[in-house]
Amino acid sequence: TLYGAMLAGVDVVLMGAGIPREIPGALDELSEHRPTSLAVDVAGARAAEPTRVRFDPAEFGGDALPPTQRPAFLPIVSAHSLATMLLKKASGAIAGFVVEAPVAGGHNAPPRGAAELDERGQPTYGERDRVDLQVMRDLGVPFWLAGAAHTPAALRGAREAGAAGVQVGTLFAFCEESGLDDSLKAAARERARAGDAEVFTDPAASPTGFPFKVLALPGTLSEPETYAARTRRCDLGYLRQVYRTEEGEIGYRCAAEPVTDYVAKGGRAEDAVGRKCLCNALMANVGLAQTQPDGAVEPALVTSGDDVAALVPLLARGPGGYTAADVVDYLLGPS
């Protein structure tokens with residue numbers, strides 16, 4: 001994936017949901033078409049037996065190509081301690097960081113410390129989950145704030161705090177140029193206009209085990225009845241977990257696959273409760289829902305930052321939707 005993106009001329013690689021310490025070195029090697037490898041977490045494997053995925057561009061004709069541009073690498077972090085460690089121990093250069101707060105859409109980092117749920121069943125975040133921006137400034141590399149950084153005031157405040165700017169997702173997710181299915185965009189906009197848009201930080205939805213933001217929309221997996229009606233299956237496998245079989249081989253399992261299959265592969269039944277197939281759902285989000293052999297069409301599951309009401313100032317500009325250019329104009333306008 002990295003190599004293909006580099007051949008296509010990508011300028012920046014952003015990566016979160018883990019500790020991407022080896023990625024910068026891999027980018028260095030791949031930019032010169034040299035072989036590289038990355039460690040892979042394998043459940044059930046002994047630490048003394050690390051598993052690595054190896055890739056040699058020469059096997060695909062890369063050795064006949066001139067050096068490519070080495071893209072800038074920006075890890076997405078939720079803790080200043082992780083940013084500090086990566087700058088010290090990463091295998092190559094890091095150009096900066098995206099600092100993501102737990103109100104951001106998609107997957108969130110789990111809370112630091114003992115896991116606790118609020119009255120709605122959402123993970124609770126506290127003082128330990130706040131990023132010390134003074135530490136980020138002292139690191140001496142650019143950083144961008146993400147998560148509810150979607151107003152002119154937030155952009156100004158980020159810059160005043162030493163950030164290079166902000167990363168915005170939710171406003172662009174529901175703009176005209178977004179790849180999100182038009183009917184889903186329209187439903188989300190309508191809920192924002194009506195003031196009843198609801199986002200739930202689901203601790204169980206994602207088979208990865210990370211909390212996942214879910215926007216409540218009719219006909220999607222946010223509805224218990226839609227979730228219950230779907231037949232569990234794992235036929236895309238983008239979020240599968242790699243595990244070591246009893247025979248010592250590599251296998252793949254997913255907490256959102258049929259429970260009996262998951263347990264047969266060494267998974268725990270309790271870890272499968274409430275898991276949703278994000279692979280199929282996110283494909284459905286962009287209008288590529290699979291039609292299964294039994295005729296069932298895979299339902300969507302829309303994610304969003306906590307503050308869907310942030311769409312209102314843009315929706316107030318006129319009937320219908322708004323464009324990406326409108327978002328930029330809004331953010332750079334007066335606060």
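**Exercise 1. Find what sits over the ring of Tyr227, and how far from its centre.**

Solution. Go to Tyr227: the charged end of Lys276 sits over its ring, 4.6 Å from the centre. The rule here asks for NZ of Lys or CZ of Arg within 6 Å of the ring centre and within 35 degrees of the ring normal. Next, look at Tyr252, where the charged end of Arg240 sits over the ring at 4.1 Å from its centre.

Before going on, a word on the source: this is a predicted model, where local features need pLDDT of at least 70 and side-chain atom pairs count only at pLDDT 80 or more, while totals for chains, interfaces and linings use all residues. Residues are numbered from 1 along each chain as its sequence is written, and side-chain values use heavy atoms, with hydrogens and water left out.

**Exercise 2. Work out how Tyr3, Phe55 and Phe60 form one aromatic cluster.**

Solution. Start with the rule: rings of Phe, Tyr and Trp (its six-membered ring) pair if their centres lie within 6.5 Å, and planes under 30 degrees apart count as stacked, over 60 as edge-to-face and the rest as tilted. That gives two aromatic pairs.

- Step 1: Tyr3 and Phe55 are 5.4 Å apart centre to centre with 55 degrees between the planes, a tilted pair. Tyr3 is in helix α1 (residues 2-7) and Phe55 in strand β3 (residues 51-55), so this pair links parts of the chain 52 residues apart. Helices (H or I, at least four residues) and strands (E, at least two) are DSSP runs, numbered from the N terminus.
- Step 2: Phe55 and Phe60 have ring centres 5.5 Å apart and planes at 15 degrees, so they are stacked.
- Step 3: Check accessibility (buried is under 20% relative accessible area, exposed over 50%, partly exposed in between, with a 1.4 Å probe and protein chains only). Tyr3 is buried at 8%, Phe55 is partly exposed at 27%, and Phe60 is exposed at 60%.

**Exercise 3. Name the residues closest to the centre of the largest cavity.**

Solution. On a 1 Å grid over the protein atoms alone, a cavity is a set of points where a 1.4 Å probe fits but cannot get out, and lining residues have an atom within 4 Å of a point. Of its 13 lining residues, Cys234, Gly237, Cys254, Cys277 and Cys279 are closest to the centre.

Key. On a 1 Å grid over the protein atoms alone, a cavity is a set of points where a 1.4 Å probe fits but cannot get out, and a pocket is an open set with protein on both sides within 12 Å along at least five of seven lines; lining residues have an atom within 4 Å of a point.
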